[in-house]
Structures are given as C-alpha cells and as structure tokens.
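I opened the notebook for a slow look through this one.

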Amino acid sequence: MPWNMNDFPPAMKNLEELTRKKAIDIGNALLDEGYPDSRAIPIAIDQAKEWFDGASESEKKDFAHEKNPSKNDKHETNPRAAKLLDADVTVKFEEDRWVVRSKGAEKASNHFDTKDEAVEKGKEIARNKETSVVVYKKDGSKDREIHY
C-alpha cells in the first residue's frame, strides 16, 4: 500500500523528516515496480539515508520544497523491474573500477574504487532483495557466492 507523510510504515517514524519524505517517495516508486512492502521498506530507508548523506545542501533544500509524496503519485516503471527484483547481484571489476549490478540489468547500480566497498554494497542489496551476491576476482573468475 502506498504511503504519504501522515501514513507511513512504523519503520520510518524515527527518520528525520526530509529523510522520511525521500524514503516514502522511493518506497512508493518501488511499490509501483511490484516490490512487496516487506522489501520496499528497508530498501527505501537505506536509499533515503544514502541520498541524505550524499546530497548537497541545495539538493536538500530543493527537495524540501517539492510537493510531499502522496498515495496517488505515478512513477515511471521499468518493465524489467519484476525480473530484477529476484535477480542475484554481481560484483565485478570493469573498466578500472568495481561495479555492482543485478544480473540482467543493463547498467551497474554502483561503482567503487575498492572491491571491499563494492562487496559491502552488493551484500546490502542482496540482503534487501533476499537473493545472493556473486563476487568475482579482478581476473573475472568467480571468487565466492553469499546467499541471503
């Protein structure tokens, strides 16, 4: 069920107001993509916190002035989203950096300078999706697989 600033999951109640607004917006988009509440909530909270930590003051100010999310907002949907929802996550070395990508995705979701950072992000995503993360060595051979 979609949320708004007055009706949101209990897990979001202790978030700072701007972070909660972002989490609701992200969560509603995930629900539109077909994610169940149990998966959309932790992903939305994690991504909202990450956004808040990385956003500039002007980005935060602009977002604060945007209309609050509502239960009736429409979001662009990705027809491949349902497939990616259950896809395992891979961590590979590509073009001089470590990338995190769901199997079947066209683009990597994250890029890192170190393997450790990429593996941690891959584990977080796989844990949220309740899938596996497959980690590769720099030479492209399989290193390990972690199941959630």
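Where is the place of Glu66? I found Glu66 in the loop between H3 and helix H4 (81-85); helices here are DSSP runs of H or I with at least four residues, strands are E runs of at least two, and both are numbered from the N terminus.

Before going on, I noted the ground rules. This is a predicted model, where local features need pLDDT of at least 70 and side-chain atom pairs count only at pLDDT 80 or more, while totals for chains, interfaces and linings use all residues. Residues are numbered from 1 along each chain as its sequence is written, and side-chain values use heavy atoms, with hydrogens and water left out.

**Entry: Glu66**

I looked up the exposure of Glu66 and got a relative accessible area of 45%, so Glu66 is partly exposed. The scale I use calls a residue buried under 20% relative accessible area, exposed over 50% and partly exposed in between, with a 1.4 Å probe and protein chains only. I also checked Glu66 against Lys21: they are 45 residues apart in sequence, and their C-alpha atoms are 9.9 Å apart in space.

**Entry: the nonpolar cores**

Next I asked which residues touch the most other members of the largest nonpolar core. Of its 17 residues, these are Trp3, Met12, Leu30, Tyr35 and Ala40. Helix H1 (17-32) and helix H2 (37-54) each supply at least two residues of this core, and H2 gives the most, with six. I then found a second, separate core of eleven residues, with Ala118, Val119, Ile125 and Val135 among them. A core here is a set of buried Ala, Val, Leu, Ile, Met, Phe, Trp, Tyr and Cys residues joined through side-chain atoms within 4.5 Å.

I ran along H2 from end to end: its 18 residues reach 25 Å from first C-alpha to last, close to the 26 Å expected at 1.5 Å a residue. That expected span is 1.5 Å times one less than the number of residues. The buried residues of H2 are Arg39, Ala40, Ile41, Ile43, Ala44, Ile45, Ala48 and Trp51.

How many aromatic pairs does a search of the whole structure find? I got three, taking rings of Phe, Tyr and Trp (its six-membered ring) as paired if their centres lie within 6.5 Å, with planes under 30 degrees apart stacked, over 60 edge-to-face and the rest tilted. Trp51 and Phe63 form an edge-to-face pair, 5.2 Å centre to centre with 65° between the planes. Trp51 lies in helix H2 and Phe63 in helix H3 (residues 57-65), so this pair ties together parts that are twelve residues apart in sequence. Phe63 counts as buried, at 7% relative accessibility. Ring pairs link Trp51, Phe52 and Phe63 into a cluster.

I also looked for charges over rings, meaning NZ of Lys or CZ of Arg within 6 Å of the ring centre and within 35 degrees of the ring normal. Lys60 lies over the face of Phe52, 3.8 Å from the ring centre. The charged end of Lys92 sits over the ring of Tyr136, at 4.9 Å from its centre.

**Entry: the strands**

I turned to strand S1 (residues 89-94) and strand S2 (residues 97-102), which pair in the antiparallel sense over six bridges. Pairing needs at least two DSSP bridges between the strands. Val91 stands opposite Val100 in S2. S1 and S2 form a hairpin with two residues between them, and Glu95 in the turn has a positive phi of about 50°. Glu95 is exposed, with a relative accessible area of 70%. S1 also runs parallel to strand S4 (residues 132-136), joined by three bridges, and Thr90 stands opposite Val134 in S4.

**Entry: helix H5 and what follows**

Is Lys121 buried or exposed? Lys121, found in helix H5 (residues 115-129), has a relative accessible area of 10% and is buried. Not counting residues up to four places away in sequence, Lys121 touches Glu50, Val100, Asn110 and Phe112, with contact meaning heavy atoms within 4.5 Å.

After H5 comes Glu130, whose phi is positive, near 60°, although Glu130 is not a glycine. Glu130 counts as exposed at 55% relative accessibility. Thr131, in the loop between H5 and S4, is buried at 7%. Beyond its neighbours within four places in sequence, Thr131 has contacts including Arg39, Leu85, Ala126 and Tyr148.
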